[in-house]
Amino acid sequence: MTIKKIVDGLKKKTNNAPDIKYKEFTINEQKVTFVYSMSVASSTSINDFILRRLDEEKDKIKDKNIYEYIKNFIPNNNIIPFDKKEDILYYVNSGFTVAIFESEKYLAFENRANIFSPINKSENERSLKGPSDAFSENYQFNMGMIRRRVKTEDLWIDEKTIGKKSKTKVAMFYIKGLASEKVIKNIDEKLNKINIDYVGNTNYILEAISNPNRFILPVNLVTERPDFAAQMLTEGRVILMVENSNEAIILPCLFADFFKNPEDYYEKSLNIIISRIVRFIAFFLTVFTPAIYVSLMAFNWESLPSGLLISFSVQREGVPFSSIFEILVMSLMFQILRESDLRFPGKGGSSISIVGALVLGQAAVEAGVVSPITIIIVGIASISSLAFSSIDLINSIRWWQLFLIIMAWMFGFVGVIFGSLIILATLVSQNSCEVAYFSPFEPFNLKEQKNVYIPSKKEKFHPKNIFRKKDK
């Protein structure tokens with residue numbers, strides 16, 4: 001097939017896109033055509049190192065094998081030879097300049113334009129003592145931030161291309177000998193089964209490899225901090241990195257991982273113990289406080305001390321609505337304020353949500369619509385949820401709160417206990433990449449439980465691999 005036919009085919013496939021350019025040279029009576037995209041390739045790099053060089057030297061070139069000459073003498077740090085014309089547009093759209101030869105051979109020269117966000121500070125996982133750099137949309141930069149932290153030759157990277165239209169690169173990082181072979185095989189099989197047209201970022205991969213939506217809690221941990229991802233690699237985890245995404249996926253994911261924080265690896269062990277205990281307490285307060293209050297108000301008045309019962313009765317005097325209606329309405333208002341805080345442009349969202357909460361709460365109490373104790377209960381539960389940065393976990397907590405509130409309204413404290421058993425059974429029954437989601441609590445492993453809430457300094461820097469035991 002002649003170069004002209006190949007070029008005509010490319011123009012037809014792309015509808016003669018205005019950003020894709022074709023530059024033809026004749027050297028020693030041999031034609032070669034360069035194809036590149038002005039949108040994703042650096043025009044300066046193409047002009048200085050390819051086009052200008054050939055334009056100035058084409059009459060001086062005596063080499064009869066133009067393919068070998070261009071391959072060996074065009075300065076470029078990444079030259080990829082290939083033989084399939086179907087791959088031309090993939091490389092062009094990836095920021096490469098493709099040389100088409102009459103021999104139906106092709107060379108791809110990397111000339112990517114710098115169209116990515118710079119390396120910024122982590123926003124969702126703010127750093128107090130550790131490194132402040134975060135992943136960006138630049139795939140190569142992200143790989144480099146892992147490489148510079150884990151320099152062992154045992155760091156293996158398996159790369160795949162996923163997405164029939166987007167052809168997005170997905171890299172799987174793991175340390176050979178630490179990561180479980182069973183886990184690696186499970187993740188690899190899931191990636192191979194993905195059959196979608198477009199992969200925009202990590203969420204597309206998460207949705208494709210996760211369990212069906214019948215399980216509310218997230219079974220995958222996402223981080224934007226390279227230091228945390230590197231630490232997880234040394235614990236035998238597998239990291240998935242997606243092109244054009246500023247986050248990395250950590251697999252397998254355990255329920256206990258949501259109570260850890262990247263800053264834990266830079267603190268003293270005693271401080272970590274206090275921090276994790278506070279997070280566990282915050283989790284239980286968030287999930288159970290509204291339900292317990294509703295059960296006490298609706299069914300279990302006799303469980304309250306007489307003094308507290310009188311205080312509650314006085315506060316609720318004149319309130320026209322039931323306790324569950326008060327809890328649901330005020331919880332909904334707080335969630336609306338929180339969503340507006342997240343979506344509000346600029347830095348004024350926090351101020352608006354704080355003022356809104358104070359004004360609404362005070363106005364509702366003075367108007368006699370809700371009782372003061374309801375504001376306190378909703379405030380305790382809502383503030384406790386702020387101890388977690390994972391949006392997926394916070395959304396799961398909302399569903400659990402609602403489920404337990406309804407159970408408490410229908411069956412009282414017995415309903416709260418029964419609902420808690422349902423939640424616990426759900427946690428115990430789930431797996432993440434064939435690893436027990438509730439590990440190390442189930443299966444029971446006392447030694448590994450110590451690492452969850454009472455980590456020692458030695459265990460912090462030399463973590464044990466709990467996944468290899470699954471392969472035995």
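Strand β9 (residues 238-242) and strand β10 (residues 248-251) run antiparallel and are joined by four bridges. Within this pair, Leu 240 lies opposite Ile 249 of β10. Strands (E, at least two residues) and helices (H or I, at least four) are DSSP runs numbered from the N terminus, and two strands pair if DSSP finds at least two bridges between them.

The model is a predicted one, in which local features need pLDDT of at least 70 and side-chain atom pairs count only at pLDDT 80 or more, while totals for chains, interfaces and linings use all residues. Residues are numbered from 1 along each chain as its sequence is written, and side-chain values use heavy atoms, with hydrogens and water left out.

β9 and β10 belong to an open sheet of five strands with antiparallel pairing, in the order β6-β7-β9-β10-β8. Its edge strands, β6 (155-162) and β8 (221-223), each pair on one side only. From one strand to the next, the twist averages 25°. Helix α6 (residues 181-192) packs on this sheet and touches β6, β7 (168-175), β9 and β10; contact means heavy atoms within 4.5 Å.

A further open sheet of five strands, again with antiparallel pairing, has the order β1-β2-β4-β5-β3. β1 (20-27) and β3 (79-82) stand at its edges with a single partner strand each, so one side of each is left without a neighbour in the sheet. Neighbouring strands here are turned by 20° against each other on average, direction ignored. Eight bridges pair β1 with strand β2 (residues 30-37) in the antiparallel sense, and Thr 26 has Lys 31 of β2 as its bridge partner. Helix α1 (residues 3-13) touches β1, β2, β4 (96-101) and β5 (106-110), whereas helix α3 (residues 66-73) touches β1, β2, β3, β4 and β5.

The table lists the directions of the packed helices. Axes are lines fitted to C-alpha atoms, for helices over the stretch in contact, and angles run from 0 to 180 degrees between N-to-C directions.

| α6 | β9 | about 25° |

The largest share, three residues, comes from α4.
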